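Here is a short report for someone new to this structure. Look at the model first, then read on.

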Amino acid sequence: MARLIRIEWPDNGAPDLPPAFTLDEAEGRLAALRKAALARGFDAVVVYGDREHAANIHWLTGFDPRFEEAVLVVTPGDALLIAGNECLAYTAVSPLVKAGVVRVGHCASLSLPSQPRGGRRLKEWLVDMLATDDTVGVVGWKWFGADEVDDPATALDVPAFLADPLRHLAARVENATDLMMHPSHGLRARVDAAQIARLEFANHMAAAALKRMVFSLREGITDFQAVEAARVGGLPMGCHTTFAMGDQPGLCGPSGRHLAVGEPIGFNVCHWGANICRAGWVARGAGDLPVGAQDYVEAFVAPYVTAMSEWCSMMRPGVSGGYVWKHMQAALPFGVFGVTLNPGHLIGLDEWVSSPIYEGSHEPLASGMAMQMDVIPGHAVYGSTRMEDGYVIADAGLRADLAARFPNVARRCEARGRFMREVIGMEVPESLLPLADTCGIVAPFLLDPAQVVVC
């Protein structure tokens, strides 16, 4: 039976700086894209990126377009990265560009409005790379199903100024985003030991910031003061920081409201590769809650923590996404917990890559999947509760490789799993690597966060 205990939140130390993205890694990824494109019958692949959707270009090259747009064109024998005014020099961060493996072109139309134009048009760059009989795959950031559009293969999610010239120049243009992002066969759907080390660093940074925020919470301070106390640091944000109180929708950010006892609260800190979220009440105990919510821990939080223990137990290679979905629906009935989205998804530089976990899914969980425990309940009386952190599913081979190459990362993940099992009482298999010291922590009364729910 879940109950409250008083503990210190775990601290496994700060990670070393993660390994830099190498030329060998980048060349391997480019080769993998070419192989996947050939298998699908694509003569060229065009990858679009902008500030919100930078992950695919960044994964391939180590370059992201910051506040502009960018286009990467990959053929069997050539690769061209087209950038705008301000990002042109920044392309040098890519090891592929530095080594001359990827050429760079300038297109001012990818720049911000009213900046200098002139030079080659985007279509002129594309003419150099494409033939009139080519079949071109376009990578945006989502693909579509037959329930959404009439022809999923040709439905593109990139701007018309790119889609139009591609359709004019090539024989056929198809959506190829799944090559990068599909949970089963997408190139970005698996991580290796070096990527685990980078993810752990991001998760530590986000979790440490969230912990600082939690332990700064006091009645009467503003939400701005709470977020300021987080000292978020300098890693790029995967999504905006949320801080919602009372009747505010969950995606709200700070607005100057003061923390008032007896109000529900939820917040997150999200970096590239990490999104750490918590929710509870501005309270020191059940007596601070509205009368109808004073059984919050027993009726709402305890079943949730038990369900998240079951979620962890299923994070093993070979378990089907549909199996996880079905068990989460049973553990957290919709009429009480109101969970609407997939109970878990893949995470990368983008906060949500895709998910193998959905109703009827036969897609198996696999070693190397970076999973976000993202199961968001909501209730009109109880508000919410949250244990949202990052994990990696790792078989024995991947765990051994991690231990050999990054022993301190492996040690911290092992310590976190042990804490979740031995202190919190959760069923955490060896195949699940917790990436943050917040993993397993649910503090329902956030003015006294040392009170933690255990199974």
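## Glutamate 25

Glutamate 25 is buried, with a relative accessible area of 17%; buried means under 20%, exposed over 50% and partly exposed in between, with a 1.4 Å probe and protein chains only. Glutamate 25 belongs to helix H1 (residues 23-40). Helices (H or I, at least four residues) and strands (E, at least two) are DSSP runs, numbered from the N terminus. Neighbours within four places in sequence aside, glutamate 25 is in contact with Ala20, Ala194 and Arg198. Contact means heavy atoms within 4.5 Å.

## About the model

This is a predicted model, in which local features need pLDDT of at least 70 and side-chain atom pairs count only at pLDDT 80 or more, while totals for chains, interfaces and linings use all residues. Residues are numbered from 1 along each chain as its sequence is written, and side-chain values use heavy atoms, with hydrogens and water left out.

The largest nonpolar core has 107 residues. Such a core is a set of buried Ala, Val, Leu, Ile, Met, Phe, Trp, Tyr and Cys residues joined through side-chain atoms within 4.5 Å. Those with the most contacts inside this core are Phe243, Phe267, Tyr296, Met308, Trp311, Met315 and Val324. Helix H9 (residues 296-313) supplies the largest share, eleven residues. A second, separate core of 24 residues includes Ala44, Leu80, Leu130 and Ala170.

What does phenylalanine 267 touch, not counting residues up to four places away in sequence? The list is Leu210, Met213, Val214, Leu217, Thr242, Phe243, Ile276, Cys277, Arg278 and Leu446.

## A three-stranded sheet

Three strands form an open sheet in the order E8-E9-E10, with antiparallel pairing. Strand E8 (243-245) and strand E10 (274-281) stand at the edges. Each has a single partner strand, so one side of each is left without a neighbour in the sheet. Neighbouring strands are turned by 10° against each other on average, direction ignored; axes are lines fitted to C-alpha atoms, for helices over the stretch in contact, and angles run from 0 to 180 degrees between N-to-C directions.

E8 pairs with strand E9 (residues 264-271) over three bridges. Two strands pair if DSSP finds at least two bridges between them. Methionine 245 has isoleucine 265, in E9, as its bridge partner.

## Proline 364

Proline 364 sits in the loop between strand E11 (345-346) and strand E12 (370-372). At 38% relative accessibility, proline 364 counts as partly exposed. Neighbours within four places in sequence aside, proline 364 is in contact with Gly318, Val319, Ser320 and Met369.
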